[in-house]
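Reader: I have a protein model open on my screen, and I would like to learn how to read it. Could you walk me through some features, one at a time?

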Amino acid sequence: MAVGTATVRGWVGGALSAVLALSPVAGCAPGRAAGPGPGRSPPPSAPGPDPTDLSPGPAGPSAHGDALVSVTTQARHLDIPWGVTFLPDGGALVTERRTARILKVGPGRQRDGELTVSVVATVTEANADTEGGLLGIAASPSYADDRTVFVYYSTTTDNRIAKLRLPGRPRPIVTGIPSGGVHNGGRLAFGPDGYLYASTGDAARNENAQHLDSLGGKILRMTPDGGPAPGNPFPGSLVWSYGHRNPEGMAWDSRGTMFVAEIGEAAWDELNVVRPGRNYGWPAVEGIGGDARYTDPVVAWRPEVGVSADVAIAGRTAVVTCLRGQRVYLVPLGGAATSGAGDDVSGVRWRTGAGVAGRPVEALDARYGRLRTAIRAPDGSIWLTTSNRDGRDDRGPVPDDDRILRLWLRGAGLVELT
């Protein structure tokens, strides 16, 4: 099956009528080998559309979704904010990819009501010559006692994960993650099981995603010291799932189900439900391919309306950010365990009964530019970051960029989609 031309089976023609219930939100050692041995060699990639097309996507009918959210600006004038993690005092630590700074945002406020911003550290070991740099950050679950954070950053030779006690220097716990000009992955988060998860990209070398002895194109799961977490599907390995191209977002719902947002090539971007040991198909398949050897995504977007960068979950709604699409999608989760699918003319496909209850609803189309990070805050809101100073939009940033936004879902309501 050629990359970018996956055959999609079992789709129901026409539009799918659904009801969206928006739930109310409440106030390894350095060089460690990744796996048990090389996987199979992937098939060669077929020529496809140019995956580097940076033109903004078409305007979407987001007025419907805009009525379901409210947004305020928390901070502005940042430089490519990438990772966000919350602290016990109600503030947050935010990484800037290019400057390699770690910022403390809040909990104090300025006279204009926006949050205070100060620099607490700079990771000079990070290299941001291309799309790498200082990426993900996750506070230790025991931060109040150990003041330790974990960071994911690029060097001139690899991507790595390190721990540091602020404001000290990072101590690498995982090295040798493939790095490249693009597809560096980079998200970090502690799961509900207390272990550290990391998303890694294929570093523009497709074969990495299918080889279990490569740390590229994977979701990794580890102890705080960088060792394989107990219960990982491949003995002695950090690998939790594989066959990913460039996953940059991950979140869990209240039932512990893991969702991962993944940037595809030129055909489809994805929202996946990630299970241990599963193969998500890259580069053999992109989007929903119906091949039993691989696990299909639950939602897929065309790049012109997608480039899905991150995901956060509030109640039974997943909020997925889009870079090129310059919008968010509100994805209703759950629903009856029945087979079915949806497909519409706006370049979105979804699988009901596989974790999604109905058609995703777009919101905030072109209002804030490229949207990257999404993370649920302790108060139940969703923080978003813009990525308008990264040179990927010919229109350039506006004076307020880059920003941190705070999004609230507007209570509970029934929205019929046609």
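Author: Gladly! Keep in mind that this is a predicted model. Let us start with a charge and a ring: the charged end of Arg-302 sits over the ring of Trp-268, 3.8 Å from its centre.

Reader: Over which ring does the charged end of Arg-245 sit?

Author: Look at Trp-282: the charged end of Arg-245 lies over its ring, 5.5 Å from the centre.

Reader: Now for rings with rings. How do I describe two of them together?

Author: A pair of aromatic rings is described by two things, the distance of the centres and the angle of the planes. This structure holds 6 aromatic pairs. One of them joins Phe-150 and Phe-190 edge-to-face, with 5.5 Å centre to centre and 70 degrees between the planes.

Reader: Why does the pair tie together parts that are apart in sequence?

Author: Phe-150 belongs to strand 8 (residues 148-154) and Phe-190 to strand 11, so the pair ties together parts that are 40 residues apart in sequence. Both Phe-150 and Phe-190 are buried.

Reader: What about Trp-301 and Tyr-329: how many degrees lie between the planes?

Author: There are 40 degrees between the planes of Trp-301 and Tyr-329, a tilted pair with 5.2 Å centre to centre. This pair also links distant parts of the chain, with Trp-301 in strand 18 (residues 299-301) and Tyr-329 in strand 21 (residues 327-332), 28 residues apart.

Reader: Is Trp-301 buried or exposed?

Author: Trp-301 counts as buried because its relative accessibility is 0%. Tyr-329 counts as buried too, also because its relative accessibility is 0%. For one more aromatic group, find the cluster formed by Tyr-197, Trp-240 and Trp-252.

Reader: And how do I find empty space?

Author: Rolling a probe the size of a water molecule over the atoms shows where empty space is left. Here the largest pocket holds about 760 Å³ of space. Strands that give two or more residues to its lining include strand 3 (81-86), strand 11 (188-190) and strand 25 (371-376).

Reader: Which residues lie nearest the centre of the largest pocket?

Author: Those are Ala-189, Phe-190, Trp-252, Ile-375 and Arg-376, out of 33 lining residues. By class, the lining has 21 nonpolar, 8 polar and 4 charged residues.

Reader: What volume does the largest cavity have?

Author: The largest cavity has about 60 Å³. Its lining includes Arg-245 and Trp-282, along with Glu-262, Glu-270 and Glu-286. By class, that lining divides into 4 nonpolar, 2 polar and 4 charged residues.

Technical notes. Residues numbered from 1 in each chain as written. Predicted model: local features only at pLDDT ≥ 70, side-chain atom pairs only at ≥ 80, totals over all residues. Heavy atoms only, no water. 1 Å grid on protein atoms, 1.4 Å probe; cavity = no way out; pocket = protein on both sides within 12 Å on 5 of 7 lines; lining within 4 Å. Points joined across faces, edges and corners; volume = space filled by probe spheres on them. Helix = DSSP H or I, 4+ residues; strand = E, 2+ residues; numbered from the N terminus. Nonpolar A, V, L, I, M, F, W, Y, C, P; charged D, E, K, R; others polar. Phe/Tyr/Trp six-rings, centres within 6.5 Å; stacked < 30°, edge-to-face > 60°. Buried < 20%, exposed > 50% of the residue type's maximum accessible area, 1.4 Å probe, protein only. Lys NZ or Arg CZ within 6 Å of the ring centre and 35° of its normal.
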